[in-house]
Amino acid sequence: MWIKYKKKRLEQFEQEEVDVFVIENDKNFIGEITVNYKSHQLETETIPNKRVYLEAFRVDKKYQKKGLGQKLINYCIEYLINIGYTEFTIGVENDNEIAKYIYFKLGVTNAIDEGYGYEFDPSEYTLYLKDINKKEYLNKGE
């Protein structure tokens, strides 16, 4: 599976369809989030120059509950604001209560579509939309 996934991801990088943000500590993986600029599963995932799809948001269990995931997603959103995006979507499996808690805490509560994953993650999910409030994200540290 990794060989297929790796090939797909490298093609997406070459076509500038994705960016991946990573947290590391002394070269140890802590967490990641992928920004997808092109819809692949649902047309509602992205809108060119307006909306992106956030996927593969994960933090290693050893580092969870320390606020690092929150810092990673905030950094990612600040980056998106700075390059002109005003919305993001995120897909959440309906039975993933932990992810729903995290996203709802961020205000990601507007369900706009439903989908079914692909060969690497064939689960059903709900697609949520969040308007990026520039003031809200850029003033978090104040």
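Phe21, Tyr75 and Tyr79 form one aromatic cluster. Rings of Phe, Tyr and Trp (its six-membered ring) count as a pair if their centres lie within 6.5 Å; planes under 30 degrees apart are called stacked, over 60 edge-to-face, and the rest tilted. This is a predicted model, in which local features need pLDDT of at least 70 and side-chain atom pairs count only at pLDDT 80 or more, while totals for chains, interfaces and linings use all residues. Residues are numbered from 1 along each chain as its sequence is written, and side-chain values use heavy atoms, with hydrogens and water left out.

The chain has 4 helices and 6 strands, where helices (H or I, at least four residues) and strands (E, at least two) are DSSP runs numbered from the N terminus. Read from the N terminus on, the order of the elements is α-β-β-β-α-β-α-β-β-α. Of the 142 residues, 41% count as buried; buried means under 20% relative accessible area, exposed over 50%, and partly exposed in between (1.4 Å probe, protein chains only). Of the contacts between residues at least 6 apart in sequence, 58% join residues at least 24 apart, a contact being heavy atoms within 4.5 Å.

The whole structure holds 5 aromatic pairs. One of them is tilted, because the rings of Phe57 and Tyr103 have their centres 6.1 Å apart and their planes at 40°. This pair links distant parts of the chain, with Phe57 in strand 3 and Tyr103 in helix 3, 46 residues apart. Phe57 has a relative accessible area of 19%, so it is buried. Tyr103 is buried too, with a value of 7%.

Another aromatic pair, Phe104 with Tyr128, is edge-to-face, at 5.5 Å centre to centre and 70° between the planes. Because Phe104 lies in helix 3 and Tyr128 in strand 6 (residues 124-131), the pair ties together parts 24 residues apart in sequence. Phe104 is partly exposed at 37% relative accessible area, whereas Tyr128 is buried at 9%.

Next comes the largest pocket, which contains about 1,200 Å³ of space. Among its 42 lining residues, Ala56, Phe57, Arg58, Ala99 and Tyr103 are the closest to the centre. On a 1 Å grid over the protein atoms alone, a cavity is a set of points where a 1.4 Å probe fits but cannot get out, and a pocket is an open set with protein on both sides within 12 Å along at least five of seven lines; lining residues have an atom within 4 Å of a point. Grid points are joined across faces, edges and corners, and the volume is the space filled by probe spheres set on the points. Helix 1 (2-14), strand 3 (51-59), helix 2 (68-82), strand 4 (87-93) and helix 3 (97-105) each supply at least two lining residues. Strand 3 gives the most, with 7 residues.

Helix 2 has 15 residues and spans 21 Å from its first C-alpha to its last, close to the 21 Å expected at 1.5 Å a residue; the expected span is 1.5 Å times one less than the number of residues. Its buried residues are Gly69, Leu72, Ile73, Asn74, Cys76, Ile77, Leu80 and Ile81. Just after helix 2, Gly84 takes a positive phi of about 100°.

Finally, Glu17 lies in the loop between helix 1 and strand 1 (18-25). Glu17 counts as buried, because its relative accessibility is 7%. Leaving aside neighbours within four places in sequence, Glu17 is in contact with Gln12, Val35, Asn36, Tyr37, Lys38 and His40.
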